[in-house]
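Open the model in your viewer and keep the selection tool at hand. This tour says what to pick next and what is there.

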Amino acid sequence: MRWLAWASVRGRLALAALALASLVVVVPALAVGGREGNPPPTPTGQEHSNASCLMCHADPDFSGVFENGETLSLYVDPAMYYRSIHSDAGLECLACHTDQRDYPHRDTRQVTCTTCHRSLEGDENTVYQPLTSLELPYPDRRSFTLKANEGCRTCHEENFEESVDSAHARVLAGGNPDAPVCVDCHGSHDITPPDQPRARISETCASCHLSVYTTYKTSVHGEALSEQSNPDVPTCVDCHGVHNISGPRDPNFRNNSILICGNCHADEERMAKYGISTAVFETYLDDFHGRTVNFFRRERENYPSNKATCFDCHGIHNIRRSEDPLSTVYPDNLQSTCQQCHPDAGITFPQAWLSHYIPSWESTPGLYAVNLAYQVMVPGVVGFFLVYIALDARKRFDIRLRKPRRSAAAEEGLITLDEGEDEDESE
């Protein structure tokens, strides 16, 4: 009997160990989404944790229906969320979904206790019914997105304010609900650094501006970005801004575009990597086009110049190497490029353009000689007149000093003034 009792105890211990091992293996697997498991659901009427949210939102079949009949999957992949930068910062669902702090949700058209539990008596007949679909209190899918987007402002006030006057915000304020907002560019539950990899920036813009992106991708900048992951070439945001997006409809965009190009092409260290001279920017600012545009940029705000900027000659999103036959500044294409502003430009007209090269004795001896003459003549003429003025001023000063002394000496009879000398000196 003692043996049987001991065997019974051993059996119970083995079963307890087996149950404990099952808990160690199974419970973490059942904990929806948590890295180390989620806490139990929060009681009704209190702010709830991610575990309470994921009881429903971790179900792949969970969806919602808008007032216009559109459907939206309400499934949130916990693994996707825990890879986001918000998770790394320790933010939970309620940080963004501030209007859903009560559990169950306050809105009667969403989930209440009886949605899952048919009986609330607390007896053995209490039934759990998994959710598959529920009504969403929004007219359509876009209304829900715009409402959710307001949650970004809670933490990102500065970025939100920057975007208020952007091209996207103006389109949205003009009545187009499809204008991009934060979540359209950054995502929702899967938010990750927008520039990793860097090509992702332009790919994000492509979701709305596909035709522009297709052109950009074949340009000298786009090829270097997509094929070589080159960190030195501009992406969309380098030219148009990040949150304060500006474009060609901005009255100052045209004039300011020379600075956008100059940010890279006046950088000697960056250009040296590719054998590109920074003279391309310096010579532009020295010619008629550049001087005029730069003057308007500094002195005439909101008044775009009609003189050629960088993109008028080189293209906008389709910029190519100058030796590329498809480039707008390829020698065979220069005449038609110039004719955009100069309709009467003949075949020899482009020869007046120095291609951003500084004049030299080897390439343009005539122009180089004229520039050299001006460099010598202008300082010489100005210097000569400065010396002349200085000598004349000195003489006049000496005369004014001598006059009182000579007059005094004449009165004492020490000297005799010539006839008319007083009048001459006084003149």
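**Whole chain**

Begin with contacts across the chain. Among those between residues at least 6 apart in sequence, 52% join residues at least 24 apart. Now switch to the cartoon. The chain holds 22 helices and 3 strands. Show the surface next. Its accessible area comes to about 28800 Å², and carbon and sulfur atoms account for 57% of that. Of the 427 residues in the chain, 25% are buried.

**Confidence**

This is a predicted model, so color by pLDDT before going further. The chain averages 80. A score of at least 70 is reached by 77% of the residues.

Select residues 1–41. Here pLDDT stays under 50, and the model has 25 contacts beyond four places in sequence for this stretch. Then select residues 423–427. Here too pLDDT stays under 50, with 4 contacts beyond four places in sequence.

**A nonpolar patch**

Select Leu-367, Val-370, Tyr-374, Met-377, Val-378, Val-381, Val-382, Phe-384, Phe-385, Leu-386, Tyr-388 and Ile-389. They form a nonpolar patch on the surface. Together they have about 1200 Å² of accessible area.

**Last stop: Phe-385**

Zoom in on Phe-385, one of the patch residues. Which helix is Phe-385 found in? Helix 21, which covers residues 365–411. Is Phe-385 buried, partly exposed or exposed? Phe-385 counts as partly exposed because its relative accessibility is 47%, and that class lies between the under 20% of buried residues and the over 50% of exposed ones.

Key
Residues numbered from 1 in each chain as written. Predicted model: local features only at pLDDT ≥ 70, side-chain atom pairs only at ≥ 80, totals over all residues. Heavy atoms only, no water. Patch = residues over 30% accessible without salt bridge, like charges linked within 9 Å, V, L, I, M, F, W, Y side chains within 5 Å. Areas by Shrake-Rupley, 256 points an atom, 1.4 Å probe, with all protein chains shown as cover. Salt bridge = Lys/Arg side-chain N within 4 Å of Asp/Glu carboxyl O. Helix = DSSP H or I, 4+ residues; strand = E, 2+ residues; numbered from the N terminus. Buried < 20%, exposed > 50% of the residue type's maximum accessible area, 1.4 Å probe, protein only. pLDDT = per-residue confidence, 0-100. Contact = heavy atoms within 4.5 Å.
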